[in-house]
Amino acid sequence: MATVRLDQLRKVYPGGHVGVAGASFDIADGELLVLVGPSGCGKTTLLRMIAGLESISGGTLSIDGRVVNAVEPKDRDIAMVFQNYALYPHMTVAENLAFGLKLRGQSKTEIDRRVREAAKTLELEPRLESRPGALSGGQRQRVALGRALVRDPKVFLLDEPLSNLDAKLRLTMRVEIARLHRQLKATMIYVTHDQIEAMTLGQRIVVLDGGVIQQIDTPMNLYDRPANLFVAGFVGSPGMNLLRGTLKLSQSWRLATEHGEVLLGRPAQASAWQEWHDRGVVLGIRPEDLLPVEAGQAALSAALEVLEPVGNEIFLNLRYGGQALVSRVSPRALPEPGSTVPLGLAVERLHLFDPQTGMRIAA
């Protein structure tokens, strides 16, 4: 496999629109790295620059130490899996898998060997003589993966490969891709707009917004220590609760909001809060860290609007003044919609952000 290095990679379109602004990061040999962000954030543009399908406006792109800015896509030794599968409908599964190898002049014996190996890995052996129209969505996606696999490329590029599948098939194929990565120990760069997909697949995740990298980290570090308000709101389902107010300290810390005071106690990380006393902040609370408690232990109280059961847990959709909040709880005796719910905070897991810059306040 291979390493990939991006050094201040830029894409500027005619008219001056910046698609990608100075992306710099390394992808280790055998790593599965995910590019994630909302539509239009630049993730697919970045992937297409790596593939050679989009020109590079600035910076350098290296694969295994070789600068490939001006190298044709076919000579970069990469394989790309597209969102729409891009299978030839008139060809059988075996012919689709073999097509790229035939173009490269591989011998029939070598082509047959690689096709059989890929079909076995992806459990497609019984469907080798079928045409794409006779396959399920998951099977067609496996053929698209297999067509990349037979190439034995240095780098696999996957552009939202699961977005056309239903929820159950997406789960199945996520497991399939993770298993394939472990088996091949391949270098993979995976693009998705689905942060759950990113969290479950990526060894590291690059979060983008507006063409700018917001944070690069492991899934759990992104979740536990988001670098800014965008990452805090984007990563996690439901997203982080965010409350604006003024940080106050008397006997203990509290957040003065337009809807009332939120009691924060004296958490260990509060030593980093001293310079923010009497200043505006944004308080972040994950839904699982905002839980119903006895009235005397409450940090705040909120009106319960909707109960949202999702199987093994329930989301409480609450209203604190004009502010929507979500609490993630296990199924049990629950308050009635319309009631006022006293809520406690996991104070050691609070997050503070600068409301002007959006950046995390060190803690």
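Two strands count as paired if DSSP finds at least two bridges between them. This report uses that sense of pairing for a predicted model.

## Overall make-up

The protein has eight helices and 20 strands. Its C-alpha atoms fill a box of roughly 80 × 45 × 35 Å along the principal axes. Of the 363 residues, 48% are buried. Among contacts with a separation of 6 or more, 67% link residues 24 or more positions apart.

Strand β16, residues 300–309, runs antiparallel to β17 and is joined to it by six bridges. In this pair, A303 stands opposite R319 of β17. The hairpin of β16 and β17 has four residues between the strands, and G311 takes a positive phi near 95° there.

β17 also pairs with strand β18, residues 323–329, in the antiparallel sense over seven bridges. Here Y320 stands opposite Q323 of β18. β17 and β18 form a hairpin with two residues between them, and G321 in the turn has a positive phi of about 60°.

Strands of a sheet pair through backbone hydrogen bonds, either parallel or antiparallel. Six strands make up an open sheet in the order β6-β7-β8-β3-β9-β10, and the pairing is mixed. At its edges lie β6 (78–81) and β10 (212–217), each of which pairs on one side only. From one strand to the next, the twist averages 15°.

Within this sheet, strand β3 (residues 32–36) and strand β8 (residues 187–192) run parallel and are joined by five bridges. L32 stands opposite M188 in β8. Helix α4 packs on the sheet, where it touches β6 and β7 (155–159), and the direction of α4 makes about 175° with that of β6.

| Strand pair | Sense | Bridges |
|---|---|---|
| β3 and β8 | parallel | five bridges |
| β16 and β17 | antiparallel | six bridges |
| β17 and β18 | antiparallel | seven bridges |

## Helices α2 and α4

Two packed helices are described by the angle between their axes and the distance between the axes. For helix α2 (residues 93–103) and helix α4 (residues 137–149), the axes come within 8 Å and cross at roughly 30°. Angles under 35 degrees count as roughly parallel, and therefore α2 is roughly parallel to α4. The crossing of α2 and α4 is right-handed. On the α2 side the contact is made by V93, N96 and L97, and on the α4 side by V143, G146 and R147. By class, this contact has three nonpolar, two polar and one charged residues.

## Residue E54

E54 is found in the loop between α1 (43–51) and β4 (58–63). Is E54 buried or exposed? Its relative accessible area is 19%, and buried means under 20%, so E54 counts as buried. Leaving aside neighbours within four places in sequence, E54 is in contact with K11, Y13, T45, R48 and M49.

Methods. Residues numbered from 1 in each chain as written. Predicted model: local features only at pLDDT ≥ 70, side-chain atom pairs only at ≥ 80, totals over all residues. Heavy atoms only, no water. Axes fitted to C-alpha atoms, helices over the stretch in contact; angles between N-to-C directions. Parallel < 35°, antiparallel > 145°, perpendicular 65-115°, else oblique. Left-handed = near helix turned anticlockwise from the far one by under 90°. Contact = heavy atoms within 4.5 Å. Nonpolar A, V, L, I, M, F, W, Y, C, P; charged D, E, K, R; others polar. Buried < 20%, exposed > 50% of the residue type's maximum accessible area, 1.4 Å probe, protein only.
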